Every structure is written in C-alpha cells, then in structure tokens.
Amino acid sequence: MIKMHIFKNCLKVMFRTKSLIFWTLCFPLILATLFSLAFSNINSLDQFDPIEVGIVEKDAFPASFQTVIDELSKESSDSLLKVTSYRSLEKAKEDLKKGNISGYYQSGETIQLTVKENGMNSTILKQILDEYQQNASVINHLMKTNPTNWQASITHLFDQENYFADASSEPIDYVVVYFYSLLGMVCLYGGFFGIQSVVSIEANLSRKGARVSVAPTNKWSVLFPALFASLLVLFVESLLILAYLIFVLKIDFGANLALVILMLLVGDLAGISLGTFIGVSNRKDENAKTAILLSITMSASFLAGLMMDSMKYLVATYVPFLAKINPVAMITDGFYALSYSESLSRYTFDIVSLFLFSVVMMVGSYFFLRRKQYDSI
C-alpha cells in the first residue's frame with residue numbers, strides 16, 4: 001500500500017528540483033531539436049533530379065535511340081533525363097553555355113555527345129550513349145551471324161533476373177535510430193530519480209535518511225512511494241518528449257501508438273530500477289553515484305546508435321550478447337520493430353527483456369538495502 005503523504009511530498013520535491021527536470025525533459029528536447037536540424041537534409045541527398053539534356057534534330061536519330069531517350073525521360077518519380085528538343089545546333093550550344101542543359105546529343109555518321117564540363121551528369125550522359133552503341137553493335141553482329149534467330153538471341157542476351165527480395169514493409173529511414181536511441185537515453189535518465197529516492201533514505205547521505213534509519217519503519221515503505229512518484233513524473237516527461245518528436249519533428253513511430261507508449265513505460269521502469277540499484281549497491285556519495293549512472297547511460301546510448309547509427313548494427317552483428325543486455329538497445333530495437341516489422345515477435349522479445357532487466361535490478365536493490373547497516377548515525 002502506497003503511503004500517499006510520502007508520495008505527494010516526493011512529487012513536490014521532484015518538481016522543485018530543477019536539475020532533474022532539466023536533464024530528464026529540457027535537455028532531451030534540446031538534443032532532439034539539434035538532431036532534427038542536423039539531419040533535416042540527409043534524406044533529400046538521396047533524391048535525384050533529372051538531367052537536363054538536349055536533342056538536336058531528334059528526327060535524324062535512329063528510332064532505337066529515340067526509344068531509349070523516351071524511356072529514360074518518361075514522367076515519373078525516378079526519371080533519369082529531362083529532354084529538350086532543338087531544331088538548330090546554335091540554340092543547343094547557347095543553352096549549354098548558359099548552363100540550361102548538361103549536354104546535347106547530335107546525329108551524324110555516329111551519335112555524338114557534347115558537354116560543357118566533366119561531372120556526374122556528363123558521365124551519366126556518356127554512359128547512356130556508350131551502352132546504346134555497345135548494344136547496337138551486338139545486335140548488328142547477331143543479325144549478320146544469325147539472321148534467322150537473332151531476335152531470340154537478343155532476348156536471352158538482355159534478360160535480367162532479380163535474385164533479391166525486399167522483406168521490409170516500409171522504406172527504411174536510418175536517421176530515426178538517433179531519435180529512438182534518444183528516447184532510450186531519456187528512459188535511463190530516470191535513474192537520476194532512482195538515485196535521489198535512495199539518497200533520501202541513506203543515513204550517511206541525508207538528514208532525512210538518518211531519521212528514516214532510526215525510525216521503526218521499513219525502508220521500502222518509504223522508498224516505494226518515492227519510486228512510484230519518480231515513475232509517474234518520468235512517464236509524463238517521456239510522453240511530452242514523444243509528442244514533440246511525433247507532432248513537431250514528424251518522427252515516424254509506426255501506427256500502433258499504444259505499444260510505443262507501453263515501451264516507454266517499461267523503459268522508464270528500467271531506468272528508475274537501474275538508478276535504484278546504483279544507489280543502494282555502494283556507499284559512495286550522491287555525485288559519485290550520479291557519475292556511475294551517467295557513464296552507464298551514455299555508454300549504453302552510444303552502443304545503441306545515439307552518436308553513430310551504424311554502431312547499433314555493428315554491436316548486433318559482432319557482439320550480439322551486448323545488444324541483448326543493453327536496455328537502450330532494447331528500447332531502440334522495440335521502436336524500430338514497430339515501425340519496420342510486420343510481426344510483433346521482435347517487439348515482444350524486447351519489452352519482455354526490458355521488464356526482466358527491471359526485475360533483476362529491483363531484486364538486487366532489495367538484497368543490498370536489506371543488508372545495509374551503519375556503525376553510527
């Protein structure tokens with residue numbers, strides 16, 4: 001049974017502790033905003049604008065080349081070329097000089113390409129022409145050497161088989177790993193609340209702790225309401241951060257928002273449990289306990305991809321055991337599974353693992369707190 005007066009007092013203390021509110025709410029919001037500003041143009045780098053190219057006297061080109069150009073310039077999201085037809089060579093030269101086009105094709109004894117300068121667009125235009133001429137040469141050779149069955153030979157020659165299948169349900173956006181890991185870090189920052197709750201019952205760390213130690217009451221009857229209040233405050237903060245990520249920064253967390261919130265709740269429980277365990281497992285002062293928590297949290301966040309998204313996959317590939325015991329990695333992977341996996345088995349494994357982590361931390365905290373005694377107060 002929760003002692004409501006202790007619960008209410010703990011809530012007041014937490015809201016008045018500005019450093020706690022800053023590190024568990026304000027700092028993650030600032031970091032998320034910086035992430036958004038830094039990564040806002042990354043996805044756009046993958047977009048390809050069609051290459052502006054000129055065709056001088058299009059009717060003079062072989063029909064096969066016209067077909068190639070028409071196919072590459074069809075209006076679609078992945079068009080390679082944007083073609084401008086010219087009746088005069090002078091107009092094409094003028095537009096090339098002004099930079100309106102990257103190059104132009106003109107017909108003669110052979111098809112020729114003229115470009116203004118070397119670069120990616122020029123290379124692509126040259127590759128198109130080279131491939132066309134190579135294929136045309138192969139076809140002409142087949143027509144001469146195998147006039148009766150050359151069409152079948154061409155079919156086999158240009159047949160392409162795709163041996164790969166995309167098993168993902170959505171296009172993968174690797175930038176979201178940073179935001180998923182950020183939420184994982186927020187959950188583990190709940191350890192600050194856990195440490196503060198422990199300090200309030202430690203006789204060697206606070207006057208309140210000294211009074212609790214000499215009082216005829218069980219320490220858990222005081223600690224449990226404090227931890228429950230910590231979980232409530234941290235969960236509300238986590239929901240505010242989640243709302244900011246979804247509605248302001250437009251980060252995709254999948255369609256099942258209820259499971260996202262459940263992952264946050266279990267993650268917050270894991271963070272507070274970790275802080276509680278760190279608080280009761282040693283006799284160091286509050287600053288030292290906080291330093292230990294920060295070291296664990298930032299290391300876990302780094303390994304989960306907060307500073308470098310590829311780190312998450314490197315750890316999962318080469319040190320899978322480390323990924324299985326890392327609470328931030330569990331949270332990140334759970335969010336990722338909700339967004340990019342059609343099955344909930346991966347999410348379920350992560351949330352069960354996270355809950356078991358919390359249980360282990362709290363059981364360990366119970367035994368440490370039960371055995372703790374003081375020579376004098």
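User: Hi! What span should helix 11 have, and how far apart are its end C-alpha atoms?
Analyst: Helix 11 (residues 257–280) has 24 residues and should span 34 Å at 1.5 Å a residue; its end C-alpha atoms are 35 Å apart, which agrees. The expected span is 1.5 Å times one less than the number of residues, and helices are DSSP runs (H or I, at least four residues) numbered from the N terminus. This is a predicted model, where local features need pLDDT of at least 70 and side-chain atom pairs pLDDT 80 or more, while totals for chains, interfaces and linings use all residues. Residues are numbered from 1 along each chain as its sequence is written, and side-chain values use heavy atoms, leaving out hydrogens and water.

User: How many residues of helix 11 are buried?
Analyst: 17 of the 24 are buried, so helix 11 is largely enclosed by the rest of the structure. Buried means under 20% relative accessible area, exposed over 50%, and partly exposed in between (1.4 Å probe, protein chains only).

User: And serine 238, buried or exposed?
Analyst: Serine 238 is buried, at 0% relative accessible area. Serine 238 sits in helix 10 (residues 219–248).

User: Which residues does serine 238 touch?
Analyst: Leaving aside residues up to four places away in sequence, serine 238 touches Val186, Leu264 and Asp268. Contact here means heavy atoms within 4.5 Å.

User: Switching topic: which helix gives the most to the nonpolar patch?
Analyst: Helix 14 does, with three residues.

User: Where is isoleucine 325, and how accessible is it?
Analyst: Isoleucine 325 is in helix 14. Isoleucine 325 counts as partly exposed, because its relative accessibility is 41%.

Definitions and conventions. Helices (H or I, at least four residues) and strands (E, at least two) are DSSP runs, numbered from the N terminus.
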